[in-house]
Amino acid sequence: MPPSLTAALVAALFATPVLADTWQDTLDAARGQTVYWNAWGGDERTNAFIAWVGEQTSARRGVSVRQVKLTDTAEAVTRVISEKAAGQDQGGSVDMIWINGPNFLAMKEQGLLHGPFVADLPNAQYLDLSPTSANSVDFTTPVDGMESPWRLAKFVFNYDSARIDAPPASMAAFVDWAAAHPGRFTHPDPSNFMGGTFLKQALIELTPDASVLQQPATDANYDAATAPLWEWYDALRPNLWRKGAAFPENQSIQQQLMNDGEIDMAMSFDPASTAGAIAEGLLPETARVFVPEGGTIGNVSFVAIPYNAANREGAMVVANFLLDPETQAHMQNIEVLGSYAVLDPAKLNDDARAVFDALPTAPALPDLASLGPTLLEPHASWMDRLTADWAKRYTR
Amino acid sequence: MRPRDGRGLRLVVLAVLVLGLLGPIAAGLGQTGRAAFGVMPVLGAVDPGLGPWRELSAIPGLWTSMKLTLWTGLAATLLSLMLAVGFCAVAHERMSNSAAARWLTPFLAAPHAAMAIGLAFVLAPSGWIARLLAPLMGWGNPPDLTIVNDPWGIALILGLMVKEVPFLLLVMLSALTQIPLRQNMAAGRMLGYGRGLVWMKIIAPQVWPLIRLPVMVVLAYALSTVDMGLILGPSNPPVLAVLLTRLFSDPEIARILPASAGALMQGLLVAAAFALLWLGERTMRRLGLWWVRGGGRGSSAEPLLRAATALVMALFAIGTLAMLSLVVWSLAWRWPWPAPVPQSWSLKAWGSPGAGWAHALGNTLLLAGATTAISLTLAIAWLEGEDRARRGRAAWAEALIYLPLLVPQIAFLYGLNILFLRLGISGGHIAVIWAQALFVFPYVMITLSDPWRALDPRLTRAAASLGAGPWRRLFAVKLPVLAMPILTAAAIGIAVSVAQYLPTLFMGAGRVATLTTEAVTLSSGSDRRVTGVYASLQAGLPLAAYAAAFLIPALLHRKRAAMKGASA
């Protein structure tokens, strides 16, 4: 056999994408596995979507999904830690986690994650994975392929248009609004990420130089950057619900308070959640979404696979399925979940784009233009300091 | 029968208890203790020190949190005790014990979490009571009052009382059968004491030693409840057990160390509360003696008794409303403020069992069945062992039974989980069954002990004289005759198993989803309708078990009047 032919054969062997081969291996290994997907379980629509994902992957790839419903994502992190603590480096109980931000940072730093694996997923071709994309940076922490995106989150407020006419136009305006409507607004406890995000959203607008927030918070830059925030908050707090002495545990409880008529405004990390909640009978028909003028914080929700996951291949199959344009369109459907897709429209073919264009709309579903610009998440250390500082200032 | 009879049986029971019950608690406490002093090699923490304690004490609000814990726990226990005594004094004459048991059953059966979820809705400023009042008071918006999650823990105290008063009542009613109540009362009245004073001066001192341990169980529970504290308790800061549960699941992994220190602190708090109880008992004994000797006969206690009775009835009413609200919510579609009943109804929350509750129900049934079967077997073996040795129970044995109920769960469960992980059984059903059985067994044992000892000895003697051996006497005579109390103990076992939150959460690695874990998780969501489904099922299951415990013997023994159940 002439050497050139051998070389050509070898080249051909390797040219048939290695990726495809290993992906086929992954699919084979995944068949029959049950993926324990640890995901916050407080939202029935998300739970139903996860159940649907399980039905699909089970029918298509023989991978079933069981959702482990968490009150707080940190529970799953702790579980992996205690497994590592006990030396259980294989066959772990957590296969996949819905994760981002501080939990991701903690797991990545502690070496508790499997990967990088995102580039191995065939459907990653539809993602914008350029270094500055929201898919590549999670709260300023580089993703490095250790977690795979699945839904887009953007901070929004909602209000009951039957109760109030004009919601505040900026974060600063919340102080006057609350003074005029004492006891009718609150935010989740800052130890919950939604409460923390509310403080960050205000910080970005009020801080003298927002670019500082992209660097880690230090003793040197923290006080100056946050002084206007605390001044604002001290003015706001006395007029909050329960005079600022008690706070709802998370955004779901807060939404319930709005439905109960105890408060007039709530917040969410999902612009479609208000329309979804109306359809579910959890908010009045008159609820609407608004954002402050300067735009709001946005980020991406990811799934990650623990280093000791028992069903790693199955988890990869599920992560890949989540990125399928068909799945993403189904997810963005307001009648299903209404979460915005993470795919890059420019990378989709015409058929896929048509599916997205044909999705139904609803009165409480904002269009992308009315959501304003998307602001970058501050470095994760700001959230840590803010919540700790808040606890120190206001816990008696 | 010689005392050596049944020695093998007793040894087996003792071995199972030491390895299965004492061992895990000690090992769990040991792990927690190591971590509390900074030793947890997997986290790279190997040098013992006081670091975790320093970190713990630096947590904002920790001292408030501890004060709140002591306050809510002591207040709930003392108030429950006082109300139960007062109610008992008035009601015991008008009600047979079995009628009272039937009456109290729904409150005993409802798990703490379900009750808390219902109460949170009933009591909230936008809740059921407020909605009923709104048209009368002219409220357009719900009043801005902190009622649930209030910083003083009043809602938590109330919630605990709704659950603990019925428990103490039941315990007290059974204790009253062991003292010569009628004679004491007659003698007291004849000497010119009012009914209330006879209770306080003569009956209560006799009842107290019989209910001291159950009161301690209530106290330990009230000081360390997680699910009730989470749903009804203060939020900023919460009670210690809630704060610790959050610390244990902090993304910052090293927080496990201060959390462990806090878990020991929780143990110390309970110990301190026990010491207070003991001091109180000593003081009361002194003062009481002086008071009794004074011989005052004023009948001023009567209004107090009446007030206590009224308060107990109010508690029952609120508890009933809470349980009812769960069912109503599970059938509602839109129920906004200020509608007193839902605007629209739907079976949707019940409609998709496949998506959730069927699985949780299956797990709950499996765990309840297994833990109850194990606990019953062990309890019967123990009691039979005592019978064969023909001796009573040593004090250490009694303490052993109560131990799991007196040590706060959080103090040893996390440590125990690490042990289970090493054994490779964490996250599975076996680990959860084991952990739950630690708490199911004591209740089953306590429930079964009295009826077992009250069994007419002539029955077994007659069987023996007819030539039946010990095993045949057990299976052919004792167990059938004791069917009713055994089924009651089983029902209590099921109720306790269904209600377990922390053991299921920690040992099951969250993968063993039960009605309780799902209901508590859902209570942090926004859909009361789905929560209502889980909480209704959670409360309905133990209730069904109690109903079965009443009905099965009645059917089984329908031709034997004395065994139909009225006897228990």
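Predicted model: local features only at pLDDT ≥ 70, side-chain atom pairs only at ≥ 80, totals over all residues.

Modeller: Chain B has 24 helices and two strands. Helices (H or I, at least four residues) and strands (E, at least two) are DSSP runs, numbered from the N terminus. The radius of gyration of chain B, taken over C-alpha atoms, is 25 Å.

Residues are numbered from 1 along each chain as its sequence is written, while chains are lettered from A and ligands numbered from 1 in the order in which they are written.

Along its principal axes, the C-alpha trace of chain B spans about 70 × 60 × 55 Å. Of its 568 residues, 51% are buried, meaning that 20 or more other C-beta atoms lie within 10 Å of a residue's own C-beta, placed from the backbone (exposed: 12 or fewer; partly exposed: in between). Now take contacts, where two C-beta atoms, placed from the backbone, lie within 7 Å. Among those in chain B between residues at least 6 apart in sequence, 80% join residues at least 24 apart.

Chain B is divided in two. Domain 1 covers 1–49 + 356–568, and domain 2 covers 64–342; the bounds come from an automatic or database domain assignment. Their centres, over C-alpha atoms, are 24 Å apart. Across the join, 41 residues of domain 1 of chain B meet 45 residues of domain 2 of chain B. Several helices of chain B supply at least two residues each on the domain 1 side, including helix 1 (7–36), helix 16 (395–406) and helix 21 (483–499). Helix 24 of chain B gives the largest share, twelve residues. That side holds 28 nonpolar, ten polar and three charged residues. Here Ala, Val, Leu, Ile, Met, Phe, Trp, Tyr, Cys and Pro count as nonpolar, Asp, Glu, Lys and Arg as charged, and the others, Gly among them, as polar.

Next comes the neighbour. Chain B puts 44 residues into its contact with chain A, and chain A puts in 53. On the chain B side, strand 1 (332–334), helix 17 and helix 23 give two or more residues each. The largest share, four residues, is from helix 17 of chain B. By type, the chain B side has 20 nonpolar, 16 polar and eight charged residues.

Chain A averages a pLDDT of 88, and 94% of its residues score at least 70. pLDDT is the predictor's confidence in each residue, from 0 to 100. Residues 8–20 of chain A stay under 50.

Look inside chain A at strand 3 (residues 96–99). A:Met96 and A:Trp98 point one way, A:Ile97 and A:Ile99 the other, and all are buried. Strand 3 of chain A runs parallel to strand 1 (residues 34–40) of chain A over two bridges; pairing needs at least two bridges found by DSSP. There A:Trp37 stands opposite A:Met96. Strand 3 of chain A also pairs with strand 10 (residues 296–304) of chain A, antiparallel, over three bridges. A:Ile97 stands opposite A:Ala304 there.

Helix 5 (residues 102–109) of chain A is largely enclosed by the rest of the structure, because seven of its eight residues are buried. Among them are A:Phe104, A:Leu105 and A:Lys108. Just after this helix, A:Gly111 takes a positive phi of about 65°.

Conventions
Rg over C-alpha atoms; globule rule 2.2 N^0.38 Å.
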